[in-house]
Amino acid sequence: AKGLEFPIVAILRVDSDQIPAVWHITDPDEKKARIADERRLLSVGMSRAMRRLALIYDKNKPSTLVRELDRNLWDHMN
């Protein structure tokens with residue numbers, strides 16, 4: 001669906017034990033490339049939202065990719 005936009009986009013399970021999925025990779029270069037790929041994919045998914053974007057994650061274990069986002073740009077719900 002590249003290039004399509006949707007009024008509402010929800011991305012689920014953006015938890016540290018889910019994304020990036022690198023726990024089984026031991027090669028540092030491969031791990032770095034995988035994290036970059038997953039960061040890019042998350043960015044593409046987030047950019048498809050026209051009006052609302054929901055990132056759903058466990059607040060006790062958010063993905064490092066979520067922690068990289070500028071918190072000042074988000075409305076937070078508990």
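Where is the place of Arg13? Some notes on this and the rest of the model follow.

1. Arg13 sits in the loop between E1 and H1. Please bear in mind while reading that this is a predicted model. The phi of Arg13 is positive, about 55 degrees, although the residue is not a glycine. Most residues other than glycine have a negative phi, and most peptide bonds are trans.

2. A cis peptide bond joins Ile19 and Pro20, with omega at about -5 degrees. Pro20, too, is found in the loop between strand E1 (6–11) and helix H1 (28–47).

3. Now for the overall layout. The protein has two helices and two strands, and along the sequence they follow the pattern β-α-β-α. Its C-alpha atoms fill a box of roughly 40 × 30 × 20 Å along the principal axes. Of the contacts with a separation of 6 or more, 70% are between residues 24 or more positions apart.

4. On burial and surface: 23% of the 78 residues are buried. The accessible surface comes to about 6,100 Å², and carbon and sulfur atoms account for 53% of it.

5. The largest nonpolar core is worth a careful look. Its nine residues are Val9, Ile11, Val14, Ile19, Leu42, Met46, Leu55, Leu65 and Val66. E1, H1 and helix H2 (64–67) each supply at least two residues of this core. In soluble globular proteins, nonpolar side chains tend to be buried together.

6. H1 has 20 residues, which at 1.5 Å a residue should span 28 Å; its end C-alpha atoms are 28 Å apart, so the two values agree. Which residues of H1 are buried? They are Glu38, Leu42 and Met46. These residues cover an arc of only 75 degrees around the axis, and therefore lie on the same side of H1. Note that Leu42 and Met46 also belong to the largest nonpolar core.

7. What do the buried residues of H1 pack against? Their partners are E1, E2 and H2. The face turned away from the buried side carries the exposed residues Asp29, Lys32 and Leu41. At the N-terminal end, Asp27 caps H1, with a side-chain oxygen 3.1 Å from the backbone nitrogen of Asp29.

8. Ser63 deserves a point of its own. Its place is in the loop between strand E2 (49–55) and H2. Is Ser63 buried or exposed? With a relative accessible area of 0%, Ser63 counts as buried, because the cut-off for that is under 20%. The Ser63 side chain reaches the backbone nitrogen of Leu65 at 3.0 Å. Leaving out residues up to four places away in sequence, Ser63 touches Val14, Asp15, Ser16, Ile19 and Pro20.

9. Finally, Leu73 lies in the segment after H2. Leu73 counts as exposed because its relative accessibility is 69%, and the cut-off is over 50%. The C-alpha atoms of Leu73 and Asp58 are separated by 19 Å, the two residues being 15 apart along the chain.

Key: Residues are numbered from 1 along each chain as its sequence is written. This is a predicted model: local features need pLDDT of at least 70, side-chain atom pairs count only at pLDDT 80 or more; totals for chains, interfaces and linings use all residues. Side-chain values use heavy atoms; hydrogens and water are left out. Helices (H or I, at least four residues) and strands (E, at least two) are DSSP runs, numbered from the N terminus. A nonpolar core is a set of buried Ala, Val, Leu, Ile, Met, Phe, Trp, Tyr and Cys residues joined through side-chain atoms within 4.5 Å. Buried means under 20% relative accessible area, exposed over 50%, partly exposed in between (1.4 Å probe, protein chains only). A polar contact is a pair of N or O atoms within 3.5 Å; within protein, one must be able to donate a hydrogen and the other to accept it, and residues adjacent in sequence count only if both atoms are side-chain atoms. Contact means heavy atoms within 4.5 Å. The expected span of a helix is 1.5 Å times one less than its number of residues. The arc is that of the directions from the helix axis to the C-beta atoms. Accessible areas come from the Shrake-Rupley method with a 1.4 Å probe; for residues, only the protein chains shown count as cover.
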